[in-house]
Amino acid sequence: MNGKQAAVNNSVARLARRLGLFDAAMIVMGGIIGSGIFMNPYVVARRVHTTPLILGCWLLGGLVALAGAFIYAELAAQRPNLIGGQYAYLREAYHPAVGFLYGWALLLVVQTGGMAAGAVTFARYFLELTHIPASDGLVAALTLAVLTMINCLGVKAGSTVQNVLMLIKILAIVTLVVCALWFVGTPQLGFSPVLDQPASLSLVTVFAAAMGPVMFSYGGWHTASFIAGEMRRPERDLSRGLLIGVFGVVVLYLAANVVYLGALGAEGLAQNKTPASYVMRLALGEKGASLIAIGIAISTLGFLSQSMLTAPRVYFAMAEDKLFFKGVAFVSARSHVPVVAIALQGVLATVIALSGTFEQILNYVVSVDFIAYGLTASCLFVFRRRDQSTATGSAKEAPGYRVPGHPFTTIFFIAVCWSVVAGTVYSYLENTLIGLGIVLAGIPVYFFWRWWRRD
C-alpha cells in the first residue's frame, strides 16, 4: 500500500460516517439553491426576450446540471472513499498539483468569496426585516461565527441544521408557486413569437449570454462530493443523492419561472429585479412580500450552512496530502470533524465579508469554476481507462453506477462548461485573467508545500 492510499484510509478511519441518502440529497440541493432563483430570472429575461427562450434557458441549464450529476455520481461510485470529492478526483486522475490548484482557488476565491457575499446578503435581508441597529458586516460576521461553531460540533449537527434550512427553502419556493397559482391565477404563457429576431449567430451569442446567470444559479451541486468520507454508504447514497437533489432543483426552478412569466410576462420580468417579491405582493399584498423576503434570507443562510459543512473537507484533504498546514488535518476526538479546517473557512469568509471585496472576487470565479467542472468530468475517461487496463477478466467489479449515454453526455457537459469559460473570456477578459492569475499563483505555493512538508 503506497503512502497516498494509507493517508486516505487513515482519514476515513478518523472521520465519522454518519450521513445517509436524505442528508446527501439535502446537501446537493442546499449547494444549488441560494438567492439566485428569486432574483436572477430578470437577468435572463433581459437577454432573451420571449417566453420560449427564457424557459429554454432554464430547461437547458437543468439538463446540463443533470448531466453533471450523472458524471459525478459515477465518480462517487468509482472512488467512494476519496476525501475532498472534486479535489481528490483531479488529484487521482491527473496530478496532485492539479488538485491543489483547485483547492487553492476554492479557498481564496471560489467558496470563500461566495460565502462572504452570501453572509452579507443574508445580513441585509435580516436587518431589513428586523430593523435591528447593526451593520451588515457585524451581522455577517456573527452569522459565520455561529455556523462555524455548529459545524465544529460534528458532521451530524451541521447536516441537521443544513437539512432544516433546506426544507424551509423548498417550502419557500413551493409557497411562492402555490400562492401564485391560487391567488394570481393559472399562468397565461405566451409562446408566440418563439424568437424576437431572425435565427442567426447573433441570436446564438445572446442565448449563450443568457445561460451565464442560469448556470450560476444551478451551480454548487458538486460540493456534496466533498463529504464522501463521512457518508455511511458513499458508493450508493452519494450518487443517488446527486441525482435526486439536482432533479428536485430543476423541477423547482422551472415551476418558479413559469409563475414569474405567468404573472409578469417576458417583458415585465425583464423590468422587475425582484420577481419573487412582486408575485407574492400580487398574491398576498405586503405580507406576501415580507414572507418571501424571509424565505430569501433563510435560503441564503442555508447556502452558507451547506458551504461551511462541505468545503473545509477539501482543505483537510490537502493537509492530509502534506500540501497545506499540518494543523488543518486535525480531527477532534470528540466531534470527529476537521475543526481547524472549518474554523479556517469561517475566519477567511469573515475577513472578506468585512473587507467588502467579495463583489470583486465573485467576478473572478466563473471561469475558474467552470474550468474545474469540465476538467473533473474528464476524469471519468481517465478512471474508466485506468480501471479497464488493470482489470483481469471478470475479476474486476463494475461500479454500482454508470453514466447513461457516455461518452456523449460527458462530452456534452464538458463542451457546455468550457463554452461558458470561452464566453466569459470574450465578455470579461480582465476578470478572467485575474481569476486565472490567482489560480496560477498557486503553482509556486504547491512546490513550497512539497518542499516544506517533505518526508
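Of the 153 residues in the largest nonpolar core, W221, V246, Y260, Y315 and F413 are the ones that touch the most other members. Among the helices, α7, spanning residues 96-130, gives the most to this core, contributing 19 residues. Please keep in mind as we go that this is a predicted model.

Setting aside residues up to four places away in sequence, W221 touches V28, I32, A65, G68, A69, Y72, L242, V246 and F413.

Now let us move to helix α7 and pick out one of its residues, A116. Is A116 buried or exposed? A116 has a relative accessibility of 0%, so A116 counts as buried. Which residues does A116 meet, once its neighbours within four places in sequence are left aside? A116 is in contact with A349, I352, A353 and F358. Take I352 from that set: I352 and A116 are 236 residues apart along the chain, yet their C-alpha atoms are separated by 6.0 Å.

Staying with α7, we can follow how this helix meets α8. The axes of the two helices come within 8 Å and cross at roughly 115 degrees, and α7 passes α8 in a right-handed crossing. On the α7 side, the residues involved are M115, A119, V120, F122, A123, R124, F126 and L127. They meet D136, V139, A140, T143 and L144 of α8. Sorted by class, the residues of this contact are ten nonpolar, one polar and two charged.

Helix α8, residues 136-152, has another partner in α13, residues 286-310. How do these two helices pack? Their axes lie 10 Å apart, at an angle of about 45 degrees. That angle makes α8 oblique to α13. The crossing of α8 and α13 is right-handed. From α8, the contact is made by T143, L144, L147, T148 and N151, while α13 supplies L301, L304, S305, M308 and L309. If you compare the residue lists, you will find T143 and L144 of α8 in the contact with α7 and again in the contact with α13. By class, the contact of α8 with α13 has six nonpolar and four polar residues, with no charged ones.

The loops have some backbone details for us as well. In the loop between α14 (312-320) and α15 (339-355) you will find K322, whose phi is near 65 degrees, a positive value in a residue other than glycine. Where does H336 lie? H336 is in the loop between α14 and α15, and its phi, near 60 degrees, is likewise a positive value in a residue other than glycine. As for accessibility, K322 is partly exposed, with a relative accessible area of 33%. H336 is partly exposed too, with a relative accessible area of 27%.

Our last stop is the loop between α16 (358-390) and α17 (408-427), where P407 has its place. The peptide bond leading from H406 to P407 is cis, with omega near 10 degrees.

Methods: Residues are numbered from 1 along each chain as its sequence is written. This is a predicted model: local features need pLDDT of at least 70, side-chain atom pairs count only at pLDDT 80 or more; totals for chains, interfaces and linings use all residues. Side-chain values use heavy atoms; hydrogens and water are left out. A nonpolar core is a set of buried Ala, Val, Leu, Ile, Met, Phe, Trp, Tyr and Cys residues joined through side-chain atoms within 4.5 Å. Buried means under 20% relative accessible area, exposed over 50%, partly exposed in between (1.4 Å probe, protein chains only). Helices (H or I, at least four residues) and strands (E, at least two) are DSSP runs, numbered from the N terminus. Contact means heavy atoms within 4.5 Å. Axes are lines fitted to C-alpha atoms, for helices over the stretch in contact, and angles run from 0 to 180 degrees between N-to-C directions. Angles under 35 degrees count as roughly parallel, over 145 as roughly antiparallel, 65 to 115 as roughly perpendicular and the rest as oblique. A crossing is left-handed if the near helix is turned anticlockwise from the far one by less than a right angle, and right-handed if clockwise. Ala, Val, Leu, Ile, Met, Phe, Trp, Tyr, Cys and Pro count as nonpolar, Asp, Glu, Lys and Arg as charged, and the others, Gly among them, as polar.
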